[in-house]
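Me: I would like to learn how to read helix packing, ring pairs and loop contacts from a set of coordinates. Could you take me through them one by one?

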Amino acid sequence: MWGLYHDFDVNLFIEDLSPTLKSEIRIYLHGQLVCSVPWMKGLSPSCIKAVISALNLMVCLPHDIVIKSNDPPIGICLLAKGRCSVYLRNRGADNPWDNLANPRRGSSTFLKTFDEGSYFGEIAMTRTGFS
């Protein structure tokens with residue numbers, strides 16, 4: 001988030017604001033991203049506001065693992081900035097994440113890259129829900 005908002009941590013700033021002002025700032029910052037998800041476009045403004053208020057922002061570094069197979073769902077991930085790659089662990093691999101640093105090792109297979117504005121996790125949410 002730092003680079004997105006010119007090296008300023010907006011989340012720390014808005015924590016000290018009133019709930020109404022905090023909500024308005026979050027809608028301004030994240031509304032366009034949330035509304036860009038095709039199946040969210042038809043939601044009412046109050047529904048969009050509820051989705052935005054439930055967002056948990058997470059900053060990831062290159063090669064961070066966001067979620068692994070068989071982990072419980074963490075929610076729907078919306079990529080505000082950057083990209084995220086999906087790898088499938090190959091059978092018998094000791095450490096399926098080795099090839100993130102060295103792609104020639106073959107412990108996992110590249111499947112897909114999600115770019116800025118993409119989302120994932122919605123299928124797991126519809127199948128199992130989350131707590």
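Predicted model: local features only at pLDDT ≥ 70, side-chain atom pairs only at ≥ 80, totals over all residues.

Me: At what angle do the axes of helix α2 and helix α3 cross?

Reply: The axes of α2 (residues 19-35) and α3 (residues 45-53) cross at roughly 100° and come within 9 Å, so the two helices are roughly perpendicular to each other. On the α2 side the contact is made by S23, E24, R26, I27, H30, G31, V34 and C35, while α3 contributes I48, K49, V51, I52 and S53. Sorted by class, this contact has six nonpolar, four polar and three charged residues.

Me: How do I read a pair of rings, and why is the pair of Y87 and F110 edge-to-face?

Reply: Rings pair if their centres lie within 6.5 Å, and planes over 60 degrees apart count as edge-to-face. The structure holds three aromatic pairs; in the one formed by Y87 and F110 the ring centres are 5.8 Å apart and the planes stand at 70°, so this pair is edge-to-face. Because Y87 lies in strand β2 (residues 84-89) and F110 in strand β3, the pair ties together parts that are 23 residues apart in sequence.

Me: How much relative accessible area does F110 have, and what is the value for Y87?

Reply: Partly exposed covers the range between the buried limit of 20% and the exposed limit of 50%. F110, with 45%, is partly exposed, and Y87 counts as partly exposed at 25%.

Me: Which residues does S118 contact, leaving aside its neighbours within four places in sequence?

Reply: S118, in the loop between β3 (108-114) and β4 (119-120), is in contact with C77, L78 and L79 once those neighbours are left aside. S118 and L79 are 39 residues apart in sequence, yet their C-alpha atoms are 5.5 Å apart in space.

Terms used. Residues numbered from 1 in each chain as written. Heavy atoms only, no water. Helix = DSSP H or I, 4+ residues; strand = E, 2+ residues; numbered from the N terminus. Contact = heavy atoms within 4.5 Å. Axes fitted to C-alpha atoms, helices over the stretch in contact; angles between N-to-C directions. Parallel < 35°, antiparallel > 145°, perpendicular 65-115°, else oblique. Nonpolar A, V, L, I, M, F, W, Y, C, P; charged D, E, K, R; others polar. Phe/Tyr/Trp six-rings, centres within 6.5 Å; stacked < 30°, edge-to-face > 60°. Buried < 20%, exposed > 50% of the residue type's maximum accessible area, 1.4 Å probe, protein only.
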